[in-house]
Amino acid sequence: MDLMEKLEILTDAAKYDAACTSSGVKRSSRAGYIGNTSSSVMGCCHTFSADGRCVTLLKVLLTNRCVYDCKYCVNRCSNDTRRAAFTPAELAELTIQFYRRNYIEGLFLSSGVCRSPDYTMEQMIAALRILREEYRFNGYIHAKTIPGAAPELVTALGLLADRLSVNIELPSEQGLKTLAPSKTKDAILRPMGQIRDGVRENKQEIAKYRHAPRFAPAGQSTQMIVGATADTDRHILSLTQGLYRRYGLKRVFFSAYVPVVEHSLLPSLDTKPPLLREHRLYQADWLLRFYGFQAEELLDETNPNFDPLLDPKCHWALCHPAFFPVEVQRAGLEELLRVPGIGPVSARRILTARRETVLDFTDLKKLGVVLKRAQYFVVCKGRYLEGLRFSPQTLPRQLAAVERKDLPTAETEQLSLFG
Amino acid sequence: MDTAYRYDGSLEGFFCCIFAIYVNKEPPACFQTADDPQPTLFPVRWVDTDAAQAQRILNSLVKRSVQAKELVVKGFLTCAPDREMMLYRFIRALYDEGPGLLRRLSDDAVYPLSKAVRHLEGEVQLLRGFVRFSEFDGVLAGEIRPKNRVLPLLRPHFCARMREETFLLYDRTHLEGLFYQAGQWRILPMEDFQMAAPDGRELQFRRLWRKFYDTVAIEARLNPKLRMTHMPKRYWDTMTEFQEDTAVLPEG
């Protein structure tokens, strides 16, 4: 089988993984080595595929042969599909040549479980070792640990990669039991805990010995599939929050379930991927990470799922009318961040600018505030924007109208407006 | 009396115009460069570029605020149509009001400049990813057509990332090229540059990349509008994934 065909098969098999970032570690270039990872804080998108997702790493599987039979997965052993495997040398050469041409920022390596978790991890380690040691590749590597592999293999992988990830896959143990019987919650969480502890210990070692080898310097991330099981948004979001707090994850990715296989336990093949739901979860994830929100504030028992027509921040604002309006001249950073239409960047600009000027609405627009949303929640010099008309009854409709044109159409069309 | 200032188009030349404005107490009506002298009703003053004068202006900016100097130097690289007047208004306000001006983000002397610089920096950030190199006998070459003069800001990034390589990055909009070899770099004016025909190995990697690019998209999620938001079409021309194999493999 030639390289072109292998690349096609192993990309196709890897593309449902959502994670694709090259952020979290700054490592400058070194004489005699290829590349660096210091491009910028946000990482670096090298292109965007036709589905609008950022491509920053060469995202492939080492092999799509797999001994497991997870029901939701294209690579499950009972699926009749073409199988292929890169040799470690082929993969290293491909990565280097793509990197030199500035196609990619590095490699994202995952794999089907070939023979056993340990054997698979050993193959991945061999490939990364060639890349790091023979080709002297100094760019970004994200590696996926295989659930059930021995702890010393996880350690070896972490010393070669910048970021490690263990996929949660399904947000509840019940889901795992029915759809991925060979994976257990414990087999997933144990390596996560190991990576967390490894990163912590490594920090202390580096403080003591400057040249101590780096263990997963860009931390770890995970992803879960949304829409394959009946879990609520509330469950997913509090799980996410727990992962950030207990396991110190850098990112949690959500992947709208794309039906790729027919199975009685799964949504049927003509189901559309729940893109809007995934979008809402990401919005909420941002609120947790950058806006100081808690999962419990966004969803509760009576409202276990996000409103498809309103983003989570607007939804929170509508549920807390007593918090508003916010006076931009005096409000603190935390308060400003709660206003729909104000983000971390514009909030900080407001803090800077108001030391010198008394702000009005034209100033806010120049500072990057999205007035279409913010106007209902802020006052300048004690006044709302002139000519603004709204009431608690009309506001949900007005806010939904702002966003509607940007949402995935298929899903919103099916919903009637506040029926 | 308002005067049209004509200079050589360099940053030093522009600083000398600022110097001349203050020395002669003649506010500018407009700025013109030597290669684009438009007829004007205002009296025209030609300003010679003098490194010492330019340095004095630069020092005086740094003395007021390092951040302001950064903004001016970057502002000069932007594609804002009236960038010299915009910079002049900013510098004047800075001298009049002091460094507190920099916090007045919505001020008419600051906002247009910081907006133009944000546009420049945004384009730099995108191009760090979107630049594509091809290999010709061990030398890498790439071409971009940016709106802003991004090469000076892309330089540190690519020189670090490709430290062991020899490369050329050509800016077709502003007709200049960044050359790098063995730790040394130059940005030089370059009237034209044509990429040589790729060899078999280069073509093979281009094809592999296109195969990867086409395969990695998920059909059920196709979203051309979202792709265009993140990656405006004007960048596509110079990107490998959107190019056809025009060159034919050399015989034999």
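This is a predicted model: local features need pLDDT of at least 70, side-chain atom pairs count only at pLDDT 80 or more; totals for chains, interfaces and linings use all residues.
**View 1. Confidence along chain A.**
For chain A as a whole, the mean pLDDT is 90, and 96% of the residues reach 70 or more.

**View 2. The overall build of chain A.**
The C-alpha trace spans about 70 × 55 × 35 Å along its principal axes. Why does a radius of gyration of 24 Å agree with a compact globule? Because a compact globule with 419 residues would come out near 22 Å. Of those 419 residues in chain A, 47% count as buried. Now think about contacts with a separation of 6 or more: in chain A, 68% of them come from residues 24 or more positions apart.

**View 3. Two domains in chain A.**
Chain A splits into domain 1, covering 3–210, and domain 2, covering 313–413. How far apart are the C-alpha centres of these two domains of chain A? They lie 40 Å apart.

**View 4. Where chain A meets chain B.**
Here 49 residues of chain A are in contact with 43 residues of chain B. Several elements of chain A give two or more residues to this side, including the helices α2 (88–100), α12 (344–353) and α13 (361–366) and the strand β3 (57–61). The largest share, six residues, comes from α1(A). What is the chain A side made of? Its residues divide into 20 nonpolar, 17 polar and 12 charged. For the complex, the predictor gives an ipTM of 0.93 and a pTM of 0.92.

**View 5. Confidence along chain B.**
Chain B averages a pLDDT of 93, and 97% of its residues score at least 70. Zoom in on residues 248–252 of chain B, though, and you'll find pLDDT staying under 50. For this stretch of chain B, the model has two contacts beyond four places in sequence.

Key:
Residues are numbered from 1 along each chain as its sequence is written. Chains are lettered from A and ligands numbered from 1 in the order in which they are written. pLDDT is the predictor's confidence in each residue, from 0 to 100. The radius of gyration is taken over C-alpha atoms; the globule rule is 2.2 Å times the number of residues to the power 0.38. A residue is buried if 20 or more other C-beta atoms lie within 10 Å of its own, exposed if 12 or fewer, and partly exposed in between; C-beta atoms are placed from the backbone. Two residues are in contact if their C-beta atoms, placed from the backbone, lie within 7 Å. Helices (H or I, at least four residues) and strands (E, at least two) are DSSP runs, numbered from the N terminus. Ala, Val, Leu, Ile, Met, Phe, Trp, Tyr, Cys and Pro count as nonpolar, Asp, Glu, Lys and Arg as charged, and the others, Gly among them, as polar. Domain bounds come from an automatic or database domain assignment.
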